[in-house]
Amino acid sequence: MKKFILTSFALLGFATVSAQTSTDNVTLNVKLKPIQTLVVNPAQKEVNLLYTTATDYSGGVSSTQADHLTVYSTGGFEVKVKSGDANIVSGSKNIAANTITITASNGSNNSITGATYTPVSLSNNDQVIATSATGGVNKNINVTYAGAGADTYVNNYIAGQTPTTYTTTLTYTILAK
């Protein structure tokens with residue numbers, strides 16, 4: 001009888017241990033939302049196209065800003081640019097924004113592999129200057145600003161101003177693609 005009781009306790013103990021073991025499942029989701037940031041190089045927040053010679057007026061001038069834009073994107077993206085105005089005004093005179101060309105290219109450091117760049121005439125409507133099918137971390141884009149040649153601005157100097165300055169604000173935007 002003692003054996004029977006001991007065996008019963010042993011089986012009961014085993015059954016109790018077995019009853020405490022259990023499994024269940026959980027669903028783990030990794031949810032990735034698109035992130036895009038675009039930063040203009042702080043040292044290049046002002047770009048000047050300076051016409052000082054007859055050759056400048058006839059041939060045009062340009063200014064290349066190395067690593068001007070820095071992009072962070074979790075996937076494909078496009079970068080757009082637009083001017084604050086269709087005409088850039090100084091006093092009673094104006095320069096059409098579309099006489100200025102914006103050309104993006106691979107950055108000098110940490111460039112975007114496989115990006116496509118499209119030169120655009122500046123406009124007060126968004127225009128795509130860079131497209132990439134893949135994202136990247138802190139990828140750089142060079143931007144060249146070019147003012148018109150062919151004496152386009154020869155009659156836009158205002159007497160008594162040295163120099164006459166036409167100013168507009170450009171806005172760069174990055175969008176997921």
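This is a predicted model: local features need pLDDT of at least 70, side-chain atom pairs count only at pLDDT 80 or more; totals for chains, interfaces and linings use all residues.
Residues are numbered from 1 along each chain as its sequence is written, and side-chain values use heavy atoms, with hydrogens and water left out.

The secondary structure of the protein chain comprises two helices and 11 strands; helices (H or I, at least four residues) and strands (E, at least two) are DSSP runs, numbered from the N terminus. From the N terminus on, the elements follow the order α-β-α-β-β-β-β-β-β-β-β-β-β. Of the 177 residues in the protein chain, 29% are buried, where buried denotes under 20% relative accessible area, exposed over 50%, and partly exposed the range in between (1.4 Å probe, protein chains only). The protein chain exposes about 11,300 Å², of which carbon and sulfur atoms supply 54%; accessible areas were computed by the Shrake-Rupley method with a 1.4 Å probe, and for residues only the protein chains shown count as cover. Among contacts (heavy atoms within 4.5 Å) with a separation of 6 or more, 78% link residues 24 or more positions apart.

Four strands form an open sheet in the order β7-β9-β3-β11, with antiparallel pairing. Because β7 (116–117) and β11 stand at the edges with a single partner strand each, one side of each is left without a neighbour in the sheet. Two strands are taken to pair if DSSP finds at least two bridges between them. Two bridges join β7 to β9, and threonine 116 has threonine 131 of β9 as its bridge partner.

Strand β3 is mostly covered, six of its seven residues being buried. Glutamate 78 belongs to this strand, which spans residues 77–83. The residue counts as buried because its relative accessibility is 15%. Its bridge partner in β11 is leucine 175. When residues up to four places away in sequence are not counted, glutamate 78 touches Val128, Ala130, Thr131, Thr173, Ile174, Leu175 and Lys177.

Asparagine 124 is located in the loop between β8 (120–121) and β9. With a relative accessibility of 35%, asparagine 124 counts as partly exposed. Apart from neighbours within four places in sequence, asparagine 124 is in contact with Lys82, Ser83, Asp85 and Ala86. The C-alpha atoms of asparagine 124 and leucine 170 are separated by 8.8 Å, although the two residues are 46 residues apart along the chain.

Valine 30 lies in the loop between α1 (2–20) and β1 (36–40). Valine 30 is exposed, its relative accessible area being 67%. Together, Leu28, Val30 and Leu32 make a nonpolar surface patch of about 420 Å². Patches are made of residues with over 30% relative accessible area and no salt bridge, like charges being joined within 9 Å and nonpolar side chains (Val, Leu, Ile, Met, Phe, Trp, Tyr) within 5 Å; a salt bridge is a side-chain nitrogen of Lys or Arg within 4 Å of a carboxyl oxygen of Asp or Glu.
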